[in-house]
Number of protein chains: 4
Amino acid sequence: MKMDAESDMVENVVREVEERGLKAHPIAGAQRTAIGITGNIGVVEPAQFENLPGVLEVLQVSHPYKLVSREFKPENTTFQIGKVKIGGPDLLIIAGPCSVESYEQTLRIANHVKDAGAHMLRGGAFKPRTSPYSFQGLGEEGLKILARVSQETGLPVVTEALDIDVVDAAAEHADMIQIGARNMQNYTLLKRAGQCGRPVLLKRGLSATVTELLLAAEYVMDQGNGQIVLCERGIRTFADHARNTLDVAAIPAVKRISHLPIIADPSHAAGKRHKVAPLSRSAVAAGADGLMVEVHDRPEEALSDGAQALRPAGFVELMEAVRQLAPAVGRSIPTYASSS
Amino acid sequence: MKMDAESDMVENVVREVEERGLKAHPIAGAQRTAIGITGNIGVVEPAQFENLPGVLEVLQVSHPYKLVSREFKPENTTFQIGKVKIGGPDLLIIAGPCSVESYEQTLRIANHVKDAGAHMLRGGAFKPRTSPYSFQGLGEEGLKILARVSQETGLPVVTEALDIDVVDAAAEHADMIQIGARNMQNYTLLKRAGQCGRPVLLKRGLSATVTELLLAAEYVMDQGNGQIVLCERGIRTFADHARNTLDVAAIPAVKRISHLPIIADPSHAAGKRHKVAPLSRSAVAAGADGLMVEVHDRPEEALSDGAQALRPAGFVELMEAVRQLAPAVGRSIPTYASSS
Amino acid sequence: MKMDAESDMVENVVREVEERGLKAHPIAGAQRTAIGITGNIGVVEPAQFENLPGVLEVLQVSHPYKLVSREFKPENTTFQIGKVKIGGPDLLIIAGPCSVESYEQTLRIANHVKDAGAHMLRGGAFKPRTSPYSFQGLGEEGLKILARVSQETGLPVVTEALDIDVVDAAAEHADMIQIGARNMQNYTLLKRAGQCGRPVLLKRGLSATVTELLLAAEYVMDQGNGQIVLCERGIRTFADHARNTLDVAAIPAVKRISHLPIIADPSHAAGKRHKVAPLSRSAVAAGADGLMVEVHDRPEEALSDGAQALRPAGFVELMEAVRQLAPAVGRSIPTYASSS
Amino acid sequence: MKMDAESDMVENVVREVEERGLKAHPIAGAQRTAIGITGNIGVVEPAQFENLPGVLEVLQVSHPYKLVSREFKPENTTFQIGKVKIGGPDLLIIAGPCSVESYEQTLRIANHVKDAGAHMLRGGAFKPRTSPYSFQGLGEEGLKILARVSQETGLPVVTEALDIDVVDAAAEHADMIQIGARNMQNYTLLKRAGQCGRPVLLKRGLSATVTELLLAAEYVMDQGNGQIVLCERGIRTFADHARNTLDVAAIPAVKRISHLPIIADPSHAAGKRHKVAPLSRSAVAAGADGLMVEVHDRPEEALSDGAQALRPAGFVELMEAVRQLAPAVGRSIPTYASSS
């Protein structure tokens with residue numbers, strides 16, 4: 001309440017709170033009175049009280065997420081993706097091209113990343129592009145290429161479902177469905193992804209808070225799908241030395257609040273190849289459960305995001321760096337090679 | 001090029017440029033060599049050159065938008081929305097509740113805003129909410145309420161199409177389709193909106209640059225729909241005194257580059273009722289072609305965003321303030337009452 | 001408190017609060033317990049409680065500023081600057097070059113802006129420049145030029161005091177001392193400015209919140225100097241279409257909390273000449289008490305910030321636009337010409 | 001140039017460029033003409049050309065820093081701070097309280113951090129505080145305490161020089177002078193620090209770009225002092241889960257451009273104790289040359305920033321974690337204990 005709020009204003013707020021079935025707790029201080037509100041199951045709209053006479057401001061104390069929180073489920077969520085059990089000590093390494101450009105390109109790159117030790121193949125069949133004149137992806141043809149390469153290499157695949165029309169097709173051909181950063185608050189898509197029967201890789205939006213990321217996951221989980229991997233991929237700030245600002249502190253922040261695993265995408269944050277390795281190390285050291293890295297064997301010909309794609313040799317170096325780092329932070333990198 | 005780039009590196013970049021059917025123009029400076037690239041129709045991926053040996057950075061000089069630019073069409077786009085010809089001296093005032101909650105609520109508020117001089121009714125039937133536990137809108141029932149209230153009051157209506165599944169229904173019941181801030185880069189939705197046969201109100205994303213906003217409009221226009229109204233609604237920054245930071249400079253920035261009209265949504269930027277009037281005046285003074293304002297006659301009971309909704313009396317005051325301001329910036333506010 | 005905090009943890013926090021001479025008010029809710037804290041005169045460091053067992057977070061409810069707040073002094077602060085009484089209906093228009101480059105340049109521009117109706121001359125003698133190799137100002141020589149031009153034209157002057165060593169010299173030669181954006185949290189300088197016996201123009205830092213701006217003013221006022229004019233000059237965001245993002249909503253935000261006048265600097269926010277007029281109109285419409293505008297008669301030769309300087313003809317147009325706008329928002333522009 | 005710029009406009013720009021002693025290189029493209037500018041020794045003000053008729057925009061290609069760049073000095077700058085040679089494989093660990101509160105407190109904490117393996121003691125004698133009512137530091141008394149504790153423990157000390165008046169006193173008592181984030185663009189202070197005869201620890205401003213940080217270092221180096229340690233301490237963004245956003249990518253960005261060492265301050269970025277360890281690991285993994293960490297043995301009684309201070313036991317754990325990590329990224333942590 002404001003300093004000059006009179007007692008009838010306080011009483012009025014108490015009445016308004018109670019009329020909504022909630023409980024009001026006025027606390028008289030030396031300078032002003034505060035009113036605690038309890039009893040709400042879901043979220044209280046600050047709107048309802050903020051403009052009553054004498055009210056200075058409405059502060060949210062309780063948090064709006066439920067299912068994704070550690071208060072709801074204290075222990076880490078773990079589940080199997082191929083040979084990797086995400087959410088535990090295992091690091092999940094996903095690698096591949098930004099876009100599926102052809103069967104040959106995808107197979108070549110898949111073999112490169114598999115040989116280097118990646119556990120999962122990434123590749124976009126539907127590409128969200130800022131300009132309508134940029135390459136938009138091969139569409140369903142791209143999904144079929146992914147499925148074929150997956151079968152031939154034994155690598156499970158993750159691919160973005162760009163809209164609700166393609167969720168089912170993506171779920172049919174891929175082992176995990178990606179919701180991209182631009183779609184993090186596309187709620188219809190989140191709900192559909194929650195029903196698709198596949199694990200969901202949910203990327204943080206460019207200007208999403210951690211709370212909003214967790215609430216987006218809540219949409220998926222509320223549909224009965226708890227197999228969610230969050231992904232920090234950089235936020236938009238004034239800093240102009242990288243494409244986006246990798247917010248490594250979001251990783252321990254998420255882990256403190258939520259039981260869900262979280263990986264990092266250093267490629268989109270970096271925007272440039274030469275920053276991918278330091279950002280990868282940085283994310284793993286901060287506690288990330290894995291990495292998703294763009295790799296292309298001919299990046300200068302890539303139809304999208306070539307500048308940030310590692311070459312196969314660069315990816316081999318990156319894997320070596322992560323292998324050295326992992327035990328120092330209590331993590332291990334399952335090896336795949338033996339099983340294929 | 002870097003300062004220590006050797007001549008064969010320069011020649012190599014020239015060759016790479018020319019292999020892509022483009023033209024390279026090396027310029028030798030005292031300290032370093034720069035290479036201009038011309039001949040590109042669409043967009044050049046910086047990726048293609050950024051990692052060649054000796055290259056320091058790739059700068060984009062040309063702009064990626066075409067149809068929405070004044071270079072393509074120098075004169076303002078104007079079109080009729082109800083009695084208002086947007087894009088010329090007329091200011092378009094859109095007002096109404098955040099959400100359609102019931103027929104009675106919508107009709108009451110519609111009459112209030114019509115009496116005060118608004119030209120168009122807003123109201124959400126499908127609501128994008130950060131939390132899955134918040135009110136999500138009445139859905140198709142809401143669309144029917146809007147259509148009925150529109151017919152009874154004579155006010156045209158605008159409503160958000162939340163996803164591709166509801167574009168057609170929204171286009172059937174409303175006079176203009178809104179693409180919300182969270183969907184500004186939902187490209188499938190933009191394309192569908194471009195085909196729906198209705199004008200499109202395109203809101204700027206929370207972290208979208210002006211270039212990205214214009215490219216989103218390019219997606220719509222590329223489908224043959226040039227009846228687009230852009231909307232500045234505040235961006236996400238560190239500033240914590242308002243919900244978002246209304247970026248009034250985006251208004252003249254858009255007008256300089258593009259022929260499309262642009263309005264402002266002061267309600268979402270403000271987040272609090274008491275800032276709606278100053279932000280409205282501010283946007284009109286900066287050259288906005290109109291305003292979209294949230295009004296509710298019982299904001300403390302509103303199911304969404306009540307704190308930022310003006311009461312009818314507040315809206316009457318706002319209209320009076322805008323009426324005084326308009327001639328001072330060469331604008332007029334068509335009156336509706338007499339004609340209906 | 002956390003949901004699983006036990007009653008002894010609550011008791012422990014209560015004890016810790018009371019040991020600091022404060023009063024604790026536990027409020028038991030359905031899901032968790034909150035503890036209100038009162039009795040603090042100054043600011044409570046959240047640090048003191050945030051890491052106690054069971055504590056979820058510490059929220060600040062009370063505000064840390066005192067002297068600058070409307071709770072302390074409800075009515076607007078007004079004072080005379082030349083013929084203008086700032087803080088009331090009068091708009092204060094300050095104009096002049098970015099840098100004082102010579103006596104002739106300063107006099108020429110001073111006459112231009114005086115003829116157009118400006119009330120005060122601006123001009124930098126000490127320039128804060130990002131690069132050590134940029135022009136750094138004429139120093140004390142510049143102060144003397146300003147004083148001489150002030151005497152000859154009758155225009156009071158404002159100039160930046162770049163550091164504590166030059167506050168007294170600036171106060172001797174100028175009518176108002178400017179604290180620049182980069183120095184908004186240079187506390188030694190703020191204190192010295194509060195002792196200099198001149199009104200202080202305090203610019204908001206590029207990444208300062210409104211609270212931090214007001215606390216910077218509190219430093220000045222705490223030294224006994226209440227003649228402070230705040231200045232919104234744009235904040236740093238991701239938006240790249242202007243040099244900075246003019247945060248017009250900060251104007252009503254400041255006016256609601258504080259009794260101090262606030263003006264806007266559209267030139268630094270715009271960064272480009274063609275945006276100065278719309279931003280000026282926008283700031284006045286939002287409730288600014290005045291404008292500070294950069295004007296140069298030969299901007300292509302200016303030693304700093306030429307791109308954002310209006311030419312004299314552009315400034316005449318701007319004054320005309322502001323004259324039309326002012327009465328529409330209840331403001332007037334005192335005329336000077338007659339009195340000189 | 002704009003698409004519709006005519007040939008005489010191009011010629012005019014060329015003339016304007018050449019009149020300034022620079023060289024113009026027009027490049028005719030299919031759609032528009034670009035003009036390259038070379039021959040500038042220092043920085044070209046875009047201002048000078050941006051408003052000429054037909055000009056679309058002026059892009060900076062060359063970079064404004066000289067002395068701090070790798071183009072000027074390719075190999076890493078290294079120098080000795082106590083037993084640590086910064087800039088090479090050694091990691092420099094600085095630890096201590098936010099503020100010097102008393103001789104006893106400082107000595108106790110110094111012994112704790114020395115036992116745990118820190119190489120240098122930090123502690124503020126002059127504290128920049130957002131509010132004038134917060135504890136402002138012990139001043140010169142604090143400097144003497146630091147010097148005494150340094151002598152007794154053998155740990156070199158670093159302390160902030162808050163303004164030009166105290167640079168000499170700080171340089172007399174401390175082994176390295178810190179320029180705080182709020183003062184990164186206090187150019188008078190930077191110049192004075194460049195003359196003080198001590199190494200300078202330069203913290204990045206909350207909204208400073210990497211270019212601005214390097215130009216601030218250029219101010220110091222231009223005075224003949226090349227012993228500079230840069231410090232990434234988090235930037236201000238919309239993200240609200242931490243006090244500031246640690247921009248780890250700035251570390252490799254600085255290292256690519258500059259030969260100067262850079263360390264990280266995880267404490268200020270985190271704002272909360274529990275994020276200090278993950279951010280420390282993250283920064284070292286990204287390539288930081290060291291860490292500066294706040295440690296307090298009674299954080300709940302700390303006069304400033306207690307919430308982010310590690311307890312001694314927490315610092316021991318942190319050192320252990322960094323010791324495990326260091327070899328995995330090719331770094332070592334010199335041990336001090338043997339020498340004391």
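The model is predicted, so to speak plainly about confidence: local features need pLDDT of at least 70, side-chain atom pairs count only at pLDDT 80 or more, and totals for chains, interfaces and linings use all residues. Residues are numbered from 1 along each chain as its sequence is written, chains are lettered from A and ligands numbered from 1 in the order in which they are written, and side-chain values use heavy atoms, with hydrogens and water left out.

**How the copies relate**

- For chain B on chain C, the turn is 180° and the shift along the axis 0.1 Å, with an RMSD of 0.1 Å.
- Ser282(B) is the residue of chain B that comes closest to the rotation axis, with its C-alpha at 2.1 Å.

**Shared surfaces**

- Chains A and B meet through the same surface, because 96% of the interface residues of chain A are also interface residues in chain B.
- For chains B and C the figure is 100% of the interface residues of chain B, so these copies also meet through the same surface.

**Domains of chain A**

- Chain A splits into domain 1 (15-60) and domain 2 (79-329), with bounds from an automatic or database domain assignment.
- Taken over C-alpha atoms, the centres of domain 1 and domain 2 of chain A are 42 Å apart.

**Helix α6 of chain A**

- Helix α6(A) spans residues 187-194 and is mostly covered, with 6 of its 8 residues buried (under 20% relative accessible area, using a 1.4 Å probe and protein chains only).
- Helices here are DSSP runs of H or I with at least four residues, and strands are E runs of at least two, numbered from the N terminus.
- The buried set is Tyr187(A), Thr188(A), Leu189(A), Leu190(A), Ala193(A) and Gly194(A).
- Those buried residues pack against α5 (167-173), β8 (176-179), β9 (200-203) and α7 (210-221) of chain A, where contact means heavy atoms within 4.5 Å.

**Where α6 meets α7**

- Tyr187(A), Leu190(A), Lys191(A) and Gly194(A) of α6(A) meet Ala216(A), Tyr219(A) and Val220(A) of α7(A).
- By class, this contact of α6(A) with α7(A) has 5 nonpolar, 1 polar and 1 charged residues (Ala, Val, Leu, Ile, Met, Phe, Trp, Tyr, Cys and Pro count as nonpolar, Asp, Glu, Lys and Arg as charged, and the others, Gly among them, as polar).

Definitions and conventions:
Buried < 20%, exposed > 50% of the residue type's maximum accessible area, 1.4 Å probe, protein only. Least-squares fit on C-alpha atoms with pLDDT ≥ 70 in both.
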